[in-house]
Amino acid sequence: MKIILIILVLLTSGCMKYTDLGKLSIVKNIGISHDNKEYTLYAEIYDEIKKDNDPKTIIIETKGKTINELFINLNLLSQKEIFLSHIDLLILDLNLEEKNYRDIIDYFINNQYLRNDFLCILSSNIELLLKKSQYNEIDNYIKSNNDIKKTIIISFNEIINNFLNNKPYSISLINYNDKLEFLGNYTYYNNKIEMIKND
Amino acid sequence: MNEINKLLLDNSFSDLIHKEIIINNNIIDIYSIETITNSSTINDFILKKINNLKNDSNLYEYLYYNLPCINIKKIDEKDSGYHLVNGYTIVRINNKYLAIETINMPSRSISESDYEKSITGPKDSFNEHFNTNIGLIRKRIKNINLKLETITIGKYTNTSVGIMYINGICKIKLKDKIINKLKQINTDGLIDSSYLIRYLSNNHSLFPTIKKTERPDLVSQSLLEGKIIIIMDNSPDILILPSFFIDYFHMSDDYYQKSFNTSFIRIIRLIAFIIAILLPSYYVAITTFNVDFIPINLLVNLIGQRSSVPFPAFFETFIMILSFEILRESDIRIPSNGGTAVSILGGLVLGDAAVSAGIISPIMIIVVAISAISSLVFQSIEVVNAIRFWRFILIVLSSLMGLYGISLGIILIINNITDTKSIDEDYLFPFSPINLTEQKDGFIKMKESIRKRNPLLSNNKIRGN
């Protein structure tokens with residue numbers, strides 16, 4: 001009986017994915033935009049992390065017709081396995097439509113290796129924002145301005161919840177123009193991309 | 001020819017001394033072993049008395065009643081050998097035997113315990129001398145209810161084993177059970193009290209169910225709680241039984257400090273116990289299976305540290321822990337003047353050089369060091385060994401199944417401890433079965449007040465009665 005129990009415990013425990021730390025490409029920040037034809041993904045990932053050196057990041061840009069294809073392409077371009085659990089920031093393009101939101105949410109909900117508690121902002125120039133500013137700067141900028149009721153701190157989880165429950169939600173628009181620039185909050189309601197800019 | 005004369009004739013007992021005195025045509029033979037008897041006692045109190053004997057019709061009876069010795073016995077010929085090797089001087093008169101205690105067994109003086117140190121409280125510790133050890137306990141508990149029953153075990157060693165308990169506190173059934181178990185021991189010899197543990201403890205748990213101690217204050221404290229102690233000749237370690245899991249988190253100087261400080265240090269010991277068992281396996285789990293558990297900044301740091309290490313985390317951990325165990329073992333065995341070499345080798349080669357060579361990551365050194373130091377919080381070497389065993393098991397499980405494997409390992413440990421009995425008493429008492437009164441002196445020590453005694457150990461419920 002004990003042996004059967006032990007075998008059951010071991011065999012019915014589900015998959016356990018062995019991960020070697022040295023073979024991971026940790027994705028720090030991502031940005032997603034969409035033109036009429038395809039999606040573009042900007043992923044800021046940690047480059048070679050060496051002892052005694054400060055870790056450096058690089059930005060990889062990929063294109064794909066679906067969100068899934070974006071991440072497959074990202075994996076192909078990266079030398080190591082893409083690790084999405086530690087995303088700090090998701091930058092969404094200002095011009096994304098409702099269908100695009102649905103695709104993104106669908107992918108993120110169904111990916112078991114993702115945590116959806118990262119910060120979310122809007123931007124009209126994702127690549128420049130990622131290149132010119134660090135996550136900490138953006139995070140500090142949003143939090144410090146949140147105190148005076150301007151910027152909105154919203155996680156992707158809240159967006160998912162509100163989106164699926166047809167509740168309105170607001171995201172701050174931040175661009176980089178020599179310095180970080182807050183351009184207002186955009187509110188989405190009734191799952192329509194009917195944006196209200198409220199400064 | 002008597003048994004002792006045979007020994008003299010075949011020249012195989014060279015420290016056996018024989019003196020023959022003739023008085024009134026009666027031959028008096030005196031036998032003793034010079035290496036374990038006090039020759040001045042024999043000269044002053046036996047030989048002088050015998051030499052001064054006048055014509056007496058019954059020398060045997062005269063000596064029995066008049067020799068100035070407290071411990072003198074009339075014995076049969078068959079017991080003469082036993083008494084001889086136990087330090088008695090044998091006097092034979094007309095084939096009748098007297099055994100007179102002139103024992104002077106070599107023993108060391110009372111010193112401070114090496115491995116059961118305390119900051120406050122008594123510093124004396126037991127040594128290998130049976131009577132000295134009993135004396136150290138009687139010195140603390142001056143009561144006629146402190147009983148001592150002595151039995152002899154070992155076909156060849158004839159070792160004295162004493163069972164001490166306080167009549168009126170201790171459960172007599174428990175005491176009888178222990179004595180019955182001891183009487184059933186059939187062995188050639190006992191060298192140390194640890195030999196007795198295997199006869200008294202019949203479970204498969206690696207955690208000790210019988211506590212060994214060198215401290216008389218701890219033994220006295222245990223006797224007052226209703227526990228039974230076993231003293232063995234030639235062993236400085238006194239056995240306390242039954243012992244519970246919680247007893248290994250208690251040190252004798254816990255009772256010499258304020259309750260708040262004692263509770264604090266006991267919680268530290270509990271944390272140390274958890275760290276000692278779990279830390280290396282947790283490291284393996286989160287760096288191989290559950291990477292998403294690590295905060296990003298720490299993860300980047302870990303990746304940087306492990307970037308030059310050629311081994312998987314499991315193998316790296318295994319090497320380091322194995323190296324530490326080898327170092328610890330050699331440190332125990334090496335003479336004290338060679339200890340510096342071991343420290344240099346251990347500190348530099350295993351630490352700095354291995355990291356510089358890129359074989360081991362610095363975090364691994366930290367993990368193993370913290371885990372090893374945590375396990376050394378416990379005075380009992382059996383607890384340290386049990387921690388070591390479970391640490392290895394958990395490392396293997398975590399390397400196969402990550403945190404899920406650790407969860408399985410913890411279930412196994414809990415299952416093992418709950419299944420353990422100490423002389424048929426539940427090892428996890430007072431947590432299982434729950435006893436709230438006794439838990440006042442569990443991990444948290446409540447302020448001193450009138451407490452009931454442990455119901456498993458005593459029928460005399462209120463302390464002070």
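The expected span of a helix is 1.5 Å times one less than its number of residues, and helices (H or I, at least four residues) and strands (E, at least two) are DSSP runs numbered from the N terminus. The model is predicted, with local features needing pLDDT of at least 70 and side-chain atom pairs pLDDT 80 or more, whereas totals for chains, interfaces and linings use all residues. Residues are numbered from 1 along each chain as its sequence is written, chains are lettered from A in the order in which they are written, and side-chain values use heavy atoms, without hydrogens and water.

**View 1. Length of helix H5 of chain A.** The twelve residues of this helix (residues 135-146) should span 16 Å at 1.5 Å a residue, and the end C-alpha atoms are 16 Å apart, which agrees.

**View 2. Buried residues of H5(A).** A:Tyr135, A:Ile138, A:Asp139, A:Ile142 and A:Asn145 are buried, meaning under 20% relative accessible area with a 1.4 Å probe and protein chains only. Seen down the axis of H5(A), the buried residues fall within an arc of 150 degrees, so they line one face of the helix; the arc is that of the directions from the helix axis to the C-beta atoms. An α-helix has 3.6 residues a turn, so residues three or four places apart point the same way.

**View 3. Packing partners of H5(A).** The elements against which the buried residues of H5(A) pack include strand S1 (24-34), helix H4 (126-132) and strand S8 (180-189) of chain A, where contact means heavy atoms within 4.5 Å.

How values were computed
Buried means under 20% relative accessible area, exposed over 50%, partly exposed in between (1.4 Å probe, protein chains only).
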